[in-house]
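Dear colleague,

Please find the structure below, together with a short account of what was found in it. I would be grateful if you could read the two side by side.

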Amino acid sequence: MDKKNIDWSGLGFGYIKTDKRYVSNYTKGAWDEGALIEDDMITMSECACVLQYAQTIFEGLKAYTTEKGDIVVFRPDLNAERLANSARRMEMPVFPEDRFLEAVDQVVRANAAYVPPYGTGATLYIRPYMFGINQVIGVKPADDFQFRVFSTPVGPYFKGGAKPIVIKVSDLDRAAPHGTGFIKAGLNYAMSLHAIVTAHKEGFDENMYLDAGTRTKVEETGGANFLFVTKDNKVVTPKSDSILPSITRRSLMTVAKDYLGLEVEEREVYFDEVKDFAECGLCGTAAVISPVGKINDHGKEICFPSGMEKMGPITQKLYDTLTGIQMGRIEAPEGWIRKIL
Ligand code: PLP
Ligand code: COI
């Protein structure tokens, strides 16, 4: 198959329209059979629930070209499950998990010419999403919904790729206790827009959000979970009911334990102890593992010993093993890789 003429290695994390996307509509209490379509535009009522009350949820996963030349996706069953959990919390119908996998397969197959070749550092980002589409003016959920999946080739989420980034402690909160931080709802990202614009204006790459209740514990960033490494090489990740259960983070904890023989801990992490860690990274589908070199807490800097030039040694091992599994260089645990082509 001929690939598109794209400068794969020069890609950033942006949107490029691909050939086909998947659409299924939910009306009268049932999902229709769904189809691939060419039209990337959506027409809806001015009073659609998603436009007025932000009833929308999404997922993010990637297709990779392996060393052997296969096209695979990484743990898409967990994205299907998480979208179902998001739907339940947002009073939306669940899109059946087996159909989610089938829709992802169809979109990747139809856009195979956009899946970046092995070794370019780029991947095909897949964005499943669902929203309330009928008119709603009193505050209540929609009755009709649309589920879609589009794809776009992407490079690194942070400019500079694997170079350590600098983040700030945000004064604004992203998610409330007993709120929606644990699901992937558009509203959580709307909450973070002012904070990310502010952080960028001040010269930072991202925000560290603290728990909204006490502002003493580390939560996550706008688009990734945290991983820390202690001075004695233990991998620590924050536990909280108001952060997204990252599939990358859950996978990395397994990689750390079973592939690298490291001790791992998922527990509350107090901001006060962050200065004592040896390494810090952000992990997620888009972020992969992005090393953090410095955290700015209202002018006071926490500088990790791993520095501003490269990833710390444990972060690097985690990165190499995870991407090795995704690209087929390292054998994956049972069920982690879905081969599409
Ligand atoms: N946290 C937030 C807020 C995110 O948006 C994401 C991205 O999906 C993650 C964490 C990482 O999750 P995953 O590893 O499943 O992509
Ligand atoms: C992802 O990693 O898939 C995300 O959704 C993070 C961000 C791009 C919103």
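In what follows, a residue is called buried under 20% relative accessible area, exposed over 50%, and partly exposed in between (1.4 Å probe, protein chains only). Helices (H or I, at least four residues) and strands (E, at least two) are DSSP runs, numbered from the N terminus. This is a predicted model, in which local features need pLDDT of at least 70 and side-chain atom pairs count only at pLDDT 80 or more, while totals for chains, interfaces and linings use all residues. Residues are numbered from 1 along each chain as its sequence is written, chains are lettered from A and ligands numbered from 1 in the order in which they are written, and side-chain values use heavy atoms, with hydrogens and water left out.

Strand β14 (residues 279-284) is largely enclosed by the rest of the structure, because 6 of its 6 residues are buried. Glu-279, Gly-281 and Cys-283 lie on one side and Cys-280, Leu-282 and Gly-284 on the other, so that both faces are covered. Two strands are said to pair if DSSP finds at least two bridges between them. On this basis, β14 pairs with strand β11 (residues 225-229) in the antiparallel sense over 5 bridges, and Asn-225 stands opposite Cys-283. Strand β15 (residues 288-297) also runs antiparallel to β14, with 4 bridges; here Gly-281 faces Pro-291. A hairpin of 3 residues connects β14 to β15.

Strand β7 (123-132) is likewise largely enclosed, since 9 of its 10 residues are buried. Its antiparallel partners include β4 (residues 56-58), through 3 bridges, with Ile-57 opposite Met-130. Another is β5 (residues 61-65), again through 3 bridges, where Lys-62 has Tyr-125 as its bridge partner. With β8, strand β7 forms 10 antiparallel bridges, and Arg-127 stands opposite Phe-150.

The loop between β7 and β8 contains Val-139, which is exposed at 73% relative accessibility. Together with Tyr-53 and Ile-137, Val-139 forms a nonpolar surface patch of about 350 Å² accessible area. Areas follow the Shrake-Rupley method with a 1.4 Å probe.

Methods
Patch = residues over 30% accessible without salt bridge, like charges linked within 9 Å, V, L, I, M, F, W, Y side chains within 5 Å. Salt bridge = Lys/Arg side-chain N within 4 Å of Asp/Glu carboxyl O.
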